[in-house]
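Me: I am new to this structure and would like to learn how to read its features one at a time. Please give me the general idea each time, and then the case here.

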Amino acid sequence: MGGWEVRTEGSNGMSRICLALQGGGAHGAFTWGVLDRLLEDPTIEIAAVSGTSAGALNAASLSAGMASGGREGAREALHRLWETVSARSPLGVVESSLPFFPFPRSMVHQAIEQLRSFSQFVSPYSPTRPGGNPLRAVVEEAIDLPLLQSQTLIPTFVSATDVEAGSVRVFSGGELTADALLASACLPDVFRAVEIDGRHYWDGGYLGNPMLTPLFATDHGTADLLIVQVTPFVRPGVPDTAEEIMARVNEITFNTSLMRDLRMLTETKRLVRGEDLENPVLRHIASLRLHMISAGEELTRRGAVGKLDTRWSELTDLRDLGRAATELWLERHGADLGHRTSLPTEVEGLV
C-alpha cells in the first residue's frame, strides 16, 4: 500500500488509537479523566495525539509521562498538571486555605462572571494588567519539556493561530517548547500574543480545535481516531443576556474547525468508498473510523464560566465525569475499535 499500512491492533494485540483533544480551559480536566481511564485499559494503545489549548497541555503531559514511566507515568503526569494548575491559581489557593468552608459553585461562578465582565474591556497589553503569562510557571513546573521534545514514543502535535497570517501552525517534536504550549492556550482577551521565531500566536482553537490533519495525513499505524470534545455542538435555548450570548458565540467559534473537519472527512469517505485510490492520504481517510467522547449535559450545564473555575474540588469532579463518560463509552463502543465508526447520532446528523 505504498508505505501506508492501516493496522487495527498493536504489536501485543491491543487496539491502537489516535487521540484528538479539544481545548476548553478548566474543562480540560474532563479530558484528564478520559485519558486516566483509557490508560487503565491494557487493550488500548495510544498511537499519536493532537491537542489544542488545554488539550495541548493534556497531550504534552500524556506524552512526556508515558515516555518517563509508561501508563502509570502518564497518569501521574496528568495528575501533576492539574494539581499545579489549581495550586497556582487564585481560586485554588483560596479553596486550599479554607478547606472547611466550601463555596457553592453558583456563588463562585457568579463572582467569576462579574470579574470577567469587568476585565474583558481591558486589553492584556494595558499597563494596568501584568505582562507575564501565569500559565508559564504551570507548564515549566508540571511538564518535562526536554523529555517531551526528545521522545518519539507517542507523536504529539500542538496547534496555534498565527495572528498576522490568520493561519494555523502545528508544533511537534523539538518544537514543543513552553512557548509553543503557551501559544496554543493563548486567549487574546486574557494573554498577550506569544512570540515564536518572530511570529505571534493566539489560541489554536480558532483554526483547529483540535487539529485532526496530523492524525490522518501521516501513517500512525491505525485507522481509529478518537476525539475528546469538551465544548458542545448543541446547546438548547436561545441566550438573551450579554454574557450568555458571548459564551454561545465563543462555543460556536471554537467548534467551527472541528465541525468543518468532520464534514470533510465524512464526505470524503462517502465519495471515495470502494474506489481504488493511489493517493495514500485519501486511502487513509477512506479507511478512517471516527469516535467521540463528549462531556454531555453535566458539563454543558456548567457553562463557559466553568472553564475558569480552577478549584481542586472542581477539577477532580470534572476528572471523575471524564472517567465515568469513558467507562460508559468503552461499554458501548469499545468493541467498535478496529471495526467501525461510532460517532454519536446527534453528531452524525450535524455533519
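Reply: Let us begin with handedness: a crossing is left-handed if the near helix is turned anticlockwise from the far one by less than a right angle, and right-handed if clockwise. In this predicted model, local features need pLDDT of at least 70 and side-chain atom pairs count only at pLDDT 80 or more, while totals for chains, interfaces and linings use all residues. Residues are numbered from 1 along each chain as its sequence is written, and side-chain values use heavy atoms, with hydrogens and water left out. Helix 1 passes helix 2 in a right-handed crossing, where helices (H or I, at least four residues) and strands (E, at least two) are DSSP runs numbered from the N terminus.

Me: At what angle do helix 1 and helix 2 pack, and how far apart are their axes?

Reply: The axes are lines fitted to C-alpha atoms, for helices over the stretch in contact, with angles from 0 to 180 degrees between N-to-C directions. Helix 1, residues 28-40, packs against helix 2, residues 54-87, at about 25 degrees, and their axes are 9 Å apart.

Me: Which residues of helix 1 and helix 2 meet?

Reply: Contact means heavy atoms within 4.5 Å. On the side of helix 1 the residues include Trp-32, Leu-35, Leu-38 and Leu-39, and on the side of helix 2 they include Leu-62, Met-66, Leu-78 and Trp-82. The residues of this contact divide into 11 nonpolar, four polar and four charged, where Ala, Val, Leu, Ile, Met, Phe, Trp, Tyr, Cys and Pro count as nonpolar, Asp, Glu, Lys and Arg as charged, and the others, Gly among them, as polar.

Me: Which residues does UniProt list for "active site"?

Reply: Such a listing comes from a record, whose positions follow the numbering used here, whose feature names are shortened, and whose annotations may be inferred rather than shown by experiment. In an unreviewed entry, UniProt lists Ser-53 and Asp-203 for "active site". They span 151 residues in sequence, yet no two of their C-alpha atoms are more than 6.3 Å apart, so they gather at one spot.

Me: Is Ser-53 buried or exposed, and where is Asp-203 placed?

Reply: Ser-53, in the loop between strand 2 (44-51) and helix 2, is buried at a relative accessible area of 9%; buried means under 20%, exposed over 50% and partly exposed in between, using a 1.4 Å probe and protein chains only. Asp-203 belongs to strand 6, residues 199-203, and is buried too, at 2%. Leaving out residues up to four places away in sequence, Ser-53 touches Gly-23, Ser-184, Ala-185 and Asp-203, while the contacts of Asp-203 include Thr-161, Cys-186, Leu-187 and Phe-254.

Me: How many helices and strands does the protein chain have?

Reply: The protein chain has 13 helices and eight strands, and buried residues make up 51% of its 351 residues. Of its contacts with a separation of 6 or more, 78% are between residues 24 or more positions apart. Another is Arg-248, with a relative accessible area of 15%, placed in helix 9 (residues 242-272).
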